[in-house]
Amino acid sequence: MGGMMLPPDEAGPDDVVLSWDGADVVAVRLPQLADSLDHILASMERKQGKPLADLDRKAKQEVVRILEARGAFSVRHGVETVAGALGVSRFTVYNYINYTSEQRAKARKGDE
């Protein structure tokens, strides 16, 4: 996720301080959401074993589905960042998001 550990006395107001037996042990500084998206994309690329831009359309749609579930598109410029990583246009990413929504709706209809 890209967090950073630091001494508890260097913790800022947005850092998480962890305690053990009543004593502050370590502080964790979490990255900004945009940084987290970059970490998620890099992780997905490692998992695929090749650049995300080299994936076929179906695999790219699956990447978008996973990212949508993780809230990637609530991050400012999330669509643009993902489009760049996938080597597609923003319009294509929006199409993939719509495709995912349609698939979910069909699945729900089939469950009824």
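Two strands count as paired if DSSP finds at least two bridges between them, and helices (H or I, at least four residues) and strands (E, at least two) are themselves DSSP runs, numbered from the N terminus. The structure described here is a predicted model, in which local features need pLDDT of at least 70 and side-chain atom pairs count only at pLDDT 80 or more, while totals for chains, interfaces and linings use all residues. Residues are numbered from 1 along each chain as its sequence is written, and side-chain values use heavy atoms, with hydrogens and water left out. The protein has four helices and three strands, which follow one another along the sequence in the pattern β-β-β-α-α-α-α.

**Overall form**

- The radius of gyration of the protein, taken over C-alpha atoms, is 18 Å, whereas a compact globule of 112 residues would have a value near 13 Å by a rule of 2.2 Å times the number of residues to the power 0.38.
- Along the principal axes, the C-alpha atoms of the protein fill a box of roughly 55 × 35 × 25 Å.
- Of the 112 residues in the protein, 25% are buried, where buried means under 20% relative accessible area, exposed means over 50%, and partly exposed lies in between (1.4 Å probe, protein chains only).
- The accessible surface of the protein comes to about 7,800 Å², and 52% of this surface belongs to carbon and sulfur atoms; such areas come from the Shrake-Rupley method with a 1.4 Å probe, and for residues only the protein chains shown count as cover.
- Among contacts (heavy atoms within 4.5 Å) between residues at least 6 apart in sequence, 44% join residues at least 24 apart.

**The strands**

- Strand β1 (residues 4-6) and strand β3 (residues 23-29) run antiparallel and are joined by three bridges, and leucine 6 has alanine 27 in β3 as its bridge partner.
- Strand β2 (residues 16-20) also pairs with β3 in the antiparallel sense, over five bridges, and here leucine 18 has valine 26 in β3 as its bridge partner.
- The hairpin of β2 and β3 has two residues between the strands, and aspartate 21, which is found in this loop, has a positive phi of about 50 degrees although it is not a glycine.
- Aspartate 21 counts as exposed because its relative accessible area is 73%.

- Helix α2 (residues 57-69) has 13 residues and reaches 18 Å from its first C-alpha to its last, which is close to the 18 Å expected at 1.5 Å a residue, the expected span being 1.5 Å times one less than the number of residues.
- Lys60, Gln61, Val63, Val64 and Leu67 are the buried residues in α2, and they line one face of the helix because, seen down its axis, they fall within an arc of 155 degrees, an arc being that of the directions from the helix axis to the C-beta atoms.
- On the other side of α2, Lys58 and Ala69 are exposed.
- Arginine 70 is found in the loop between α2 and α3 (78-86), and arginine 70 counts as exposed because its relative accessibility is 54%.
- Although arginine 70 and isoleucine 40 are 30 residues apart along the chain, their C-alpha atoms are separated by 9.3 Å.
- Histidine 77 lies in the loop between α2 and α3 and has a phi near 65 degrees, which is a positive value in a residue other than glycine.
- With a relative accessible area of 47%, histidine 77 is partly exposed.

**Helix α3**

- Gly78, Val79, Val82, Ala83 and Leu86 are buried in α3, and because they cover an arc of only 130 degrees around the axis, they are on the same side of α3.
- Glycine 87 follows α3 and has a positive phi, near 70 degrees.

**Threonine 100 in helix α4**

- Threonine 100 has its place in helix α4 (residues 90-111), where threonine 100 is buried, with a relative accessible area of 5%.
- Leaving aside its neighbours within four places in sequence, threonine 100 is in contact with Gln61, Arg65 and Glu68; one of these, Gln61, is also among the buried residues in α2.
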